[in-house]
Amino acid sequence: MPTPSTSDLPKPKSWDEFEDITWEIYKRKWHDNHAQKYGRSGQPQNGIDIYGQENSSGNYIGVQCKRYKDNKLNKEIIKEEIVKAEGFSSPLNEYIIATTESRDTKLQDFVWSLNEERRLENKFLVYIVFWEDICNDLADTNNRDLLKKLYSEWEQIFSNQEKSISEQVASIHCLLSFEIQQDCNLLQELLNQNQYDLSEKWQSCFSQNRGVWRDISSRLLLARSSRELMPKIQKFYHQLDDIESRCKSLFALKSPIQPFESKPKYGGLHFDTMASQQTAESEQIKLINRNKKCSMNFTKLKEKVDETLNLGNQITCEFN
């Protein structure tokens, strides 16, 4: 099914139809209700079919409409039209050649090099707008009424497709909201957990619950439909990764410290007893320090869990 941004709409059957389409588009793009079609068929037009000003700036733009089949527009025609436009009654700030031809790199490169020279000579710059560009303008959601007016059947295709996309997005929102709510339930459980009863599941349980987020197509649709919400979702999952990393560190700290074997330098019970006492004291100090570090890390973990839980609840509320 064609998409609004890439569909190749049927090209106009007459030059005046193409001129009408172009005029309607630029009147909107320039925000100029007074943009006009210049003259009529048979009158000298100095290379201008449409002229107007952008956002009431006082800077005038001229448009020449060229309805051709592919490969008819060439460098010589472009040069001829520019010469005509330079004789237009009002000075132009920009000149646009709008064509029904498909995009062409040779013409684009030619106009680009031409503008380099014209910029140095302080002359108006020239742009080519191809049929693909005009299709994109017509398919813009702000121009939906114009698309319906000019291409009613295609407008219906776009509407049906958008409805399908909207249904997909709603489904993704529902599934992702469910997954995030599951994560929030786990976060609440972890928040109520005692550090001494912490089980190994906290090292990976969050990363296992990401069916929607790992799906690239679902994430792309989310990015298109939930732009303001996406940074929050990204932050939520980033913090879940951080929580799992902290849990792994806690488990590493909780693993028992292996006592080193003490071998007295001198024989005899006295030195052996002293070495054993020193070993016990050393192990006790290590145990105390380890417990302190565990306690501090667990406190920081709970703070992070609480913050992430609040963020997850915010996201699910916005989805709902």
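Let's start with Ser177: setting aside its neighbours within four places in sequence, Ser177 is in contact with Thr316, Phe319 and Asn320. Contact here means heavy atoms within 4.5 Å. Ser177 sits in helix H6, and because its relative accessibility is 11%, it counts as buried. Buried is under 20% relative accessible area, exposed is over 50%, and partly exposed is in between, using a 1.4 Å probe and protein chains only.

Quick word on what we're looking at. This is a predicted model, so local features need pLDDT of at least 70 and side-chain atom pairs count only at pLDDT 80 or more, while totals for chains, interfaces and linings use all residues. Residues are numbered from 1 along each chain as its sequence is written, and side-chain values use heavy atoms, with hydrogens and water left out.

Okay, the overall picture. The protein chain has 10 helices and five strands; these are DSSP runs numbered from the N terminus, helices being H or I with at least four residues and strands E with at least two. Of its 320 residues, 39% count as buried. If you take contacts between residues at least 6 apart in sequence, 73% of them join residues at least 24 apart.

Now the sheet. Five strands make an open sheet, ordered E1-E2-E3-E4-E5, with mixed pairing. Two strands pair if DSSP finds at least two bridges between them. At the edges are E1 (36-37) and E5 (125-129), each pairing on one side only. Strand E3 (residues 60-66) runs parallel to E4 (residues 94-99), and six bridges join them. Along that pairing, Gly62 stands opposite Tyr95, and Cys65 has Ala98 as its bridge partner. E4 also pairs with E5, again in the parallel sense, over five bridges; there, Ile97 is partnered with Ile128.

So how enclosed is E4? Five of its six residues are buried, so E4 is largely enclosed by the rest of the structure.

On to the helices. H2 (residues 75-85) and H3 (residues 105-120) pack at an angle of about 35 degrees, with their axes 11 Å apart. Those axes are lines fitted to C-alpha atoms, for helices over the stretch in contact, and angles run from 0 to 180 degrees between N-to-C directions. From H2 you've got Lys75, Ile78, Lys79 and Ile82, meeting Leu107, Phe110, Val111, Leu114 and Arg118 from H3. By class, that contact has six nonpolar, no polar and three charged residues. For the classes, Ala, Val, Leu, Ile, Met, Phe, Trp, Tyr, Cys and Pro are nonpolar, Asp, Glu, Lys and Arg are charged, and the others, Gly among them, are polar.

Last stop, the cores. A nonpolar core is a set of buried Ala, Val, Leu, Ile, Met, Phe, Trp, Tyr and Cys residues joined through side-chain atoms within 4.5 Å. The largest one has 36 residues, and Phe206, Ile233 and Ile243 have the most contacts inside it. Helices giving two or more residues to this core include H6 (152-191) and H10 (269-319), but the largest share, 10 residues, comes from H9. Which residues does Ile233 contact, leaving aside its neighbours within four places in sequence? They're Leu176, Trp213, Ile315 and Phe319. There's also a second, separate core of 22 residues, including Phe18, Ile25, Val129 and Ile134.
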